[in-house]
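Subject: Structure handover

Hello,

Please find the structure below, followed by notes on what was found in it.

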Amino acid sequence: MLKVENVSGGYDRQLIVKNVSFHVEKGEMLGILGPNGSGKSTLLKVISGILHKESGDVLIDGKSLTAYSSKELAKKMAVLPQLHSHAFSHTVRDTIALGRYPHQSGLFSSWSDEDETAVVEAMKQMGIERYEHQMLDLLSGGEQQRVFVAQALAQAAPILLLDEPTNHLDIAHQKQLLDTIKTQANENGITIVSIFHDINLASLYCDRLLLMDQGEVKIIGAPHEVVMKEQIETVYKARVSTNPHPERPKPQITILPDVKEKRNEQLITIENFQVTDELVVFQAENQLKTWSSAVINAGTGWYRTFVNRRVDARYNIDNAQTEMQQYLANRGYSETETVGMMTAVYTKDAIIKEYEADFGSVVVMVTAGVGNAVDVSKAYEVEAFPAIGTINTWIIVNGELAEEAFIQAVITATEAKTKALAFEQVKDPRTGTIATGTSTDSVLVAATQQGKHIPYAGPITEIGKKIGLGVYECTVEAIQIYKKAKGWE
Amino acid sequence: MSKALIGYILSIAALLVAIWLGVSVGSVKVPISTLWDTGADAIASNIVWKIRMPRVVLAGLVGASLAIAGAAFQGLLKNPLADPYTLGVSSGASVGAVTTLFFGISVPFLGIFTLPVFSMIGAIVTMFLVISFAKLVDRAMKMETIILTGIIFSSFLGSVISLMIALTGEELRQIISWLLGSVSMRGWSFVQMALPFIFIGTLLLWLNRRELNAMLFGEERAQHLGVNVKKRKMMILIGGSMLTGTAVAVSGTIGFVGLVVPHMTRLLFGSDNRHVLPLSFINGAALLIICDLVSRTIIAPTELPIGVITAFIGAPVFAFIFFRQRKKGGI
């Protein structure tokens with residue numbers, strides 16, 4: 001559809017775009033990324049024929065750009081440049097109607113039904129019908145931007161070139177605009193080339209991305225091939241981290257600031273823990289990076305308060321989440337800063353121990369109820385219902401854990417827990433075999449992310465050893481107390 | 001009824017009233033019916049057909065030309081302060097005209113059209129010089145830059161004219177009164193001289209009414225919308241300069257008509273150039289006929305140059321537009 005071959009160009013003999021080549025298929029959406037001054041807008045101007053190219057060629061449907069007359073070209077390609085202010089005011093309708101210019105001909109160029117439909121349709125798509133008779137200069141920047149997008153849509157060209165279309169728009173309108181444009185590509189086969197400032201939006205909406213660096217193409221490919229940590233960091237000269245989009249298979253980036261955060265060095269010790277008849281609470285001064293399977297705020301996040309709450313054995317777990325939220329709120333624990341777990345055992349029986357290591361230290365907390373012990377290897381043979389009676393394990397690390405170290409810490413802790421159950425000969429009552437855990441065990445790994453960097457947490461690493469030992473010791477002790485309390489021994 | 005249609009009705013009505021007043025009011029009151037009454041008084045008929053009517057028609061044509069040229073220049077330059085006078089194009093045309101008179105140039109095959117043709121050449125050359133210079137100063141061609149450039153060129157060209165007048169001594173004294181702008185004592189020959197150029201110039205502009213709408217959003221945007229900007233721009237510049245040159249050739253420098261009329265038209269009937277151009281044409285004609293009437297009656301029997309009246313109205317309007325644009329946050 002659109003083919004750019006070795007194009008170089010710029011202003012006044014100074015080459016800004018150098019030797020750029022790419023092609024875009026019908027219905028495809030290509031995003032152009034690059035830092036300020038990397039030549040994105042210049043490239044778009046060369047492609048749209050505003051700037052003269054020094055060398056190379058731009059082909060539309062196999063025919064060179066220069067072979068098209070102004071009107072023919074406008075029928076093939078609509079362009080939306082960055083917003084500019086203007087001296088005279090038009091109504092919204094008149095502005096959009098200008099998009100029909102290339103489709104009109106003759107001395108009096110009458111307004112056809114087709115023109116009318118295109119204008120009305122474009123207004124509808126951008127949701128600006130209610131502004132139809134308003135003056136353009138009385139609208140906000142975002143509304144004006146939508147009017148100009150509608151003007152480009154009214155042009156009804158199979159190729160659409162956009163220069164930062166989401167400029168001036170709030171997120172709702174960014175989404176609406178990009179959804180509309182993407183729909184044009186998907187349903188009407190419109191080919192789209194758009195410059196983006198926002199890497200995340202580009203990654204999310206585009207089929208392919210072109211990353212420009214100093215006027216040249218750094219890379220062109222699918223979002224996951226372009227939005228890579230090292231590549232973005234080199235081109236943009238900014239520290240970033242990549243992470244997956246929660247719903248779509250597209251990478252997203254997050255800026256990593258270089259400004260030091262005002263955070264006191266903190267060292268977590270046993271003294272930070274409070275144990276009452278109702279709760280085991282641990283409150284840190286600063287948020288800890290946390291990975292857990294808790295009832296409240298599971299998954300990854302940054303949390304300051306950690307609550308392990310005792311509930312009655314007859315507690316109705318169907319409603320656990322809302323009830324627990326209410327419970328925490330009533331006690332003044334912030335909903336967004338607290339991780340909450342539940343247990344049926346006496347919280348006074350919680351085992352909390354601290355383990356020194358060369359990287360810092362690890363604090364382990366375990367409460368164990370093994371009334372619902374399960375042998376995971378036999379679980380498929382019997383039917384069991386989730387019930388209260390849980391082993392809750394917390395591992396608090398004074399150190400900076402890498403992403404994979406969080407997962408390894410959980411594996412290591414789980415293995416140690418299983419070993420503790422075996423040592424204590426805890427059995428699955430249904431199968432009579434040694435249990436590996438209970439049906440509702442929870443684990444939490446939290447790290448201060450200060451001090452020494454810890455890349456791995458497998459069983460033979462320094463931290464893995466401490467976690468293995470700590471979880472094993474604490475779990476064995478907790479089970480023994482549980483047995484005593486139940487009168488099993 | 002649309003705003004534009006109301007505009008056409010009101011404007012045509014105003015023009016008819018202006019013609020009626022222009023023909024009938026003066027040192028001798030003449031009924032308008034003299035125009036079509038074959039049995040009318042011979043003296044009255046003479047006054048109307050030999051003196052008043054050519055004057056009214058000429059004033060109308062000059063006003064119409066300047067107004068539509070102003071509207072087109074404003075659209076093209078996206079500058080509400082642009083008009084043949086503020087851009088210095090009128091001065092360029094004057095230089096062309098004065099040169100023709102000064103050297104007594106007469107090109108055989110041009111005949112009576114020698115004066116307007118040279119005037120037009122002066123206008124076109126000045127127009128291109130002003131635009132190129134403004135572009136050199138400031139690529140974005142801000143409103144102030146263009147107007148300042150216009151002033152620079154006007155001043156310079158004004159001194160060139162003064163020099164020529166000084167060199168000629170007595171016989172070109174009449175040039176001075178002509179320079180201040182007047183449509184008196186011109187007769188039908190001047191109408192004849194101006195008409196073909198005014199027709200072509202107006203047609204050139206009218207053919208670009210929709211292109212002017214697109215260019216209000218910038219030349220790049222217009223190009224994207226499918227306008228052949230280079231060609232259209234040339235058509236508009238030539239059309240506008242042609243009208244200015246012709247107007248100056250027949251009536252001298254009459255300022256601000258091209259500023260006041262399009263501005264009022266936009267204010268009242270909207271800024272769609274498909275209507276701004278024709279409406280400015282009609283209203284420009286009406287305004288100048290009235291201004292001419294005022295100039296010859298206000299301190300009768302002495303006649304005031306018509307340029308004095310237009311400047312008297314135009315300068316405050318210029319100030320007002322400038323003020324409003326700056327308030328709006330610039331261009």
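In strand E2 of chain A, the bridge partner of A:His23 is A:Lys3. Before going further, note that this is a predicted model, in which local features need pLDDT of at least 70 and side-chain atom pairs count only at pLDDT 80 or more, while totals for chains, interfaces and linings use all residues. Residues are numbered from 1 along each chain as its sequence is written, chains are lettered from A and ligands numbered from 1 in the order in which they are written, and side-chain values use heavy atoms, with hydrogens and water left out.

Sheets of chain A

Helices (H or I, at least four residues) and strands (E, at least two) are DSSP runs, numbered from the N terminus. Two strands pair if DSSP finds at least two bridges between them. E1(A) and E2(A) are part of an open sheet of four strands in the order E2-E1-E4-E5, with antiparallel pairing. Strand E2 (14–24) and strand E5 (63–64) of chain A each have a single partner strand, so they stand at the edges and one side of each has no neighbour in the sheet. Helix H1 (residues 40–47) of chain A lies across E1, E2 and strand E4 (53–60) of chain A, at about 115° to E1(A). Angles run from 0 to 180 degrees between N-to-C directions, and axes are lines fitted to C-alpha atoms, for helices over the stretch in contact. Contact means heavy atoms within 4.5 Å.

Another open sheet of chain A has six strands in the order E6-E7-E8-E3-E9-E10, with mixed pairing. At its edges are strand E6 (77–80) and strand E10 (216–221) of chain A; each has a single partner strand, so one side of each is left without a neighbour in the sheet. On average, and ignoring direction, neighbouring strands of this sheet are turned by 15° against each other. Within the sheet, strand E3 (residues 29–33) and strand E9 (residues 208–213) of chain A run parallel and are joined by four bridges. A:Arg208 in E9(A) stands opposite A:Leu30. Two helices of chain A can be listed with this sheet:

- Helix H5 (residues 141–154) of chain A lies across E6 and strand E7 (159–163) of chain A, at about 170° to E6(A).
- Helix H9 (residues 229–236) of chain A lies across E3, E9 and E10 of chain A, at about 35° to E9(A).

Helices of chain B

Helix H1 (residues 3–24) and helix H2 (residues 42–77) of chain B pack at an angle of about 145°, and their axes are 9 Å apart. From H1(B) the contact uses B:Ile19, B:Gly22, B:Val23 and B:Ser24, and from H2(B) it uses B:Val48, B:Arg52, B:Met53 and B:Val56. Five of these residues are nonpolar, two polar and one charged.

B:Ser65 is also in helix H2 of chain B. B:Ser65 is buried, at 0% relative accessibility; buried means under 20% relative accessible area, exposed over 50%, and partly exposed in between (1.4 Å probe, protein chains only). Apart from neighbours within four places in sequence, B:Ser65 is in contact with B:Ile198, B:Leu243 and B:Ala247.

B:Thr126 is in helix H4 (residues 114–137) of chain B and is buried, with a relative accessible area of 5%. From B:Thr126 to B:Leu157 is 31 residues in sequence and 9.4 Å in space, C-alpha to C-alpha.

Salt bridges

The whole structure has 27 salt bridges over all chains. A salt bridge is a side-chain nitrogen of Lys or Arg within 4 Å of a carboxyl oxygen of Asp or Glu.

- B:Arg55 and B:Asp292 form a salt bridge at 2.8 Å, N to O. B:Arg55 lies in helix H2 and B:Asp292 in helix H12 (residues 273–297) of chain B, so the pair ties together parts 237 residues apart in sequence. Both B:Arg55 and B:Asp292 are buried.
- A:Glu72 and A:Lys63 form a salt bridge, with the closest N and O atoms 3.6 Å apart. A:Glu72 is partly exposed at 38% relative accessible area, and A:Lys63 is partly exposed at 34%.

Regards

Key:
Ala, Val, Leu, Ile, Met, Phe, Trp, Tyr, Cys and Pro count as nonpolar, Asp, Glu, Lys and Arg as charged, and the others, Gly among them, as polar.
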